[in-house]
Amino acid sequence: MRMLNHPDRLLPADPNVRAVARRLLAEVEHLPIVSPHGHTDPRWYAENAAFPDPARLFVVPDHYVFRMLYSQGVPLEALGVPRRDGGATEQDGRAIWRLFAAHYHLFRGTPTRLWLDHAFATLFGLEERLGPDNADRHYDIIAEHLARDDYRPRALFERFNIEVIATTESPLDELKWHAMIRESGWGGRVVTAYRPDPVVDPAFEGFRDNLAKLGDMTGEDTFSYQGYLEAHRKRRAFFKSFGATSSDHGHPTAATFDLDPVEAEALFRRVTGNAPVSAEDAELFRGQMLTEMAAMSLDDGLVLQIHPGALRNHNGAVFARHGRDMGADVPTATDYVHALRPLLERFGNETDLTVVLFTLDETAYARELAPLAGHYPALRLGPAWWFHDSPEGMKRFREMTTETAGFYNTVGFNDDTRAFPSIPARHNVARRIDCGFLANLVCEHRLDEDEAAEVARDLAYGLAKRAYKL
Ligand SMILES: [Zn+2]
């Protein structure tokens with residue numbers, strides 16, 4: 001039987017290349033984790049309460065997991081995913097787990113399978129592949145561990161060797177969990193990141209109410225453009241006081257605009273008025289705000305991350321029943337070359353600004369992203385993201401970007417996850433794939449092994465720390 005966590009997993013199959021990859025991996029496998037972008041819940045670290053049960057740790061919160069079961073006809077309610085109307089959903093963790101185990105074969109060949117097996121083996125000592133026959137045994141073993149003090153969030157954070165982790169919060173968040181973490185005196189470093197979509201995107205649910213709340217929180221008149229921008233400056237400063245070093249923008253496209261002040265004011269009045277906002281104005285405003293945020297970044301130093309190209313809530317019925325982030329976000333073709341030009345015309349040559357670009361459109365890697373990042377000092381490429389946070393996705397990223405952008409216009413790895421136990425697995429996968437890629441360069445005599453070792457350390461650790469100023 002296959003080991004759940006084979007020591008050579010994901011390394012090149014060719015023995016000569018694998019030997020080099022093993023040596024490189026030995027240098028980086030146990031480096032601390034720097035996680036500059038992710039979505040874990042700061043409440044876990046603040047309260048340090050035990051995770052309730054295996055299903056509520058591995059299944060219910062993880063859209064990578066439940067979207068796959070949903071695609072095969074399993075209702076989200078049966079997996080315990082909450083309904084917006086408070087309607088009935090499965091509450092019994094064991095029943096959810098059995099359903100999950102009965103469908104575990106669906107994850108064959110997927111990165112989710114690698115992450116889950118890694119966690120099962122390293123955290124709970126499980127050696128058998130999960131399936132319907134051992135579902136209860138696995139459940140019991142995991143549940144027993146989760147009840148122990150050394151499996152609470154802070155202990156796991158330390159066990160995972162996390163040097164620093166960023167969470168993501170809206171400007172409307174009071175950051176009370178971050179305050180609680182700070183007051184607790186615990187040494188784990190948890191920082192926030194500024195994600196202003198709810199107050200930057202006129203198409204976001206409750207946009208006008210959100211602006212009103214932003215006004216209440218900052219004492220600014222957020223229905224005047226200057227007051228609105230000042231409110232952002234204040235919230236960014238507040239987020240920085242809780243360790244934020246970045247902002248994050250999840251727009252449908254990478255569009256940026258640089259309107260003159262009169263046009264920008266008029267646009268602001270249109271998107272905040274009582275009349276319905278046109279799709280064109282919404283796009284224009286989001287794009288204008290990316291440029292405004294870049295201007296603020298030059299003042300306050302926050303790294304600006306652009307995460308475009310997801311068509312959110314593609315499935316209207318699932319959105320109506322369950323809300324956002326339910327595995328129904330789907331990639332779209334994304335233009336960068338034309339879209340980013342207004343922002344780059346103004347700020348692209350700034351060496352004190354860092355704009356990190358992500359993509360869900362792999363066709364943009366070699367055609368657009370690597371040529372842009374290989375030229376503009378302000379640009380860096382984020383790692384293979386979301387649907388491409390996978391062994392093949394990471395290989396394609398390196399293959400398609402390295403020859404034009406090099407390694408040093410990339411920013412190392414982001415786990416970008418809300419699935420806490422998958423964090424070490426995801427970083428481990430990235431380290432293995434990068435070591436395999438570098439080992440190939442060494443074996444083709446394109447890079448010396450000592451250089452490859454240095455690059456491997458930078459990709460695993462140094463670049464993320466430097467790019468995100470952590
Ligand atoms: Zn993210």
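## A question-and-answer walk through a predicted model

Pro 391 sits in helix α18, which covers residues 391-405.

User: Is Pro 391 buried or exposed?
Analyst: The relative accessible area of Pro 391 comes to 12%. Buried means under 20%, so Pro 391 falls on that side of the cut-off and counts as buried.

User: Which residues is Pro 391 in contact with, once its neighbours within four places in sequence are left aside?
Analyst: Pro 391 belongs to helix α18, but its contacts are listed without the residues within four places of it in sequence. What remains is Leu 10, Pro 111, Leu 114, Val 429 and Ile 433.

User: How many Å separate the C-alpha atoms of Pro 391 and Pro 342?
Analyst: Along the chain, these two prolines are 49 residues apart.

User: Let's move to Val 65. Is Val 65 buried or exposed?
Analyst: You'll find Val 65 in helix α4, residues 63-71. Its relative accessible area is 0%, and under 20% means buried. So the word for Val 65 is buried.

User: Which residues does Val 65 touch, not counting those up to four places away in sequence?
Analyst: Val 65 is a buried residue of helix α4. Skipping residues up to four places away in sequence, its partners are Phe 58, Val 59, Phe 100, Phe 107 and Thr 112.

User: How many Å apart in space are Val 65 and His 427?
Analyst: In sequence, Val 65 and His 427 are 362 residues apart. Going from C-alpha to C-alpha, the distance in space is 19 Å.

User: Where is His 251, and is it buried or exposed?
Analyst: His 251 belongs to the loop between β4 (246-249) and α13 (261-272). Its relative accessible area is 4%, under the 20% cut-off. Even in a loop, then, His 251 is buried.

User: Which residues is His 251 in contact with, leaving aside neighbours within four places in sequence?
Analyst: The loop holding His 251 runs between β4 and α13. With the sequence neighbours left aside, the residues in contact with His 251 are Asp 197, Val 200, Arg 286, Leu 290, His 307, Pro 308 and Gly 309.

User: On to salt bridges. How many does the structure hold?
Analyst: Side chains of opposite charge can pair when their charged atoms come close. In this structure, the count of salt bridges is 38.

User: Which helix holds both Arg 233 and Glu 230?
Analyst: The side chains of Arg 233 and Glu 230 meet in a salt bridge, 2.8 Å from N to O. Arg 233 is partly exposed at 35% relative accessibility, and Glu 230 is partly exposed at 29%. The two are three residues apart, about one turn of the helix, and that helix is α12 (residues 225-240).

User: How many residues apart in sequence are the parts that Arg 346 and Asp 258 tie together?
Analyst: Arg 346 forms a salt bridge with Asp 258, and their closest N and O atoms are 2.8 Å apart. Arg 346 is in helix α16 (residues 341-347) while Asp 258 is in the loop between β4 and α13, so the pair ties together parts whose separation in sequence is 88 residues.

User: Which residue forms a salt bridge with Asp 458?
Analyst: Asp 458 is buried, with a relative accessible area of 13%. The closest N and O atoms of the pair are 3.5 Å apart, and the partner is Arg 466.

User: What is the phi of Asn 48, roughly?
Analyst: Asn 48 is in the loop between α2 (42-47) and α3 (54-58), and is buried at 19% relative accessible area. Although Asn 48 is not a glycine, its phi is positive, at about 55°.

User: Where does Leu 175 lie?
Analyst: Leu 175 is buried, at 0% relative accessibility. Its phi is near 60°, a positive value in a residue other than glycine. The place to look is the loop between β2 (162-166) and α9 (176-184).

Terms used. Residues are numbered from 1 along each chain as its sequence is written. This is a predicted model: local features need pLDDT of at least 70, side-chain atom pairs count only at pLDDT 80 or more; totals for chains, interfaces and linings use all residues. Side-chain values use heavy atoms; hydrogens and water are left out. Helices (H or I, at least four residues) and strands (E, at least two) are DSSP runs, numbered from the N terminus. Buried means under 20% relative accessible area, exposed over 50%, partly exposed in between (1.4 Å probe, protein chains only). Contact means heavy atoms within 4.5 Å. A salt bridge is a side-chain nitrogen of Lys or Arg within 4 Å of a carboxyl oxygen of Asp or Glu.
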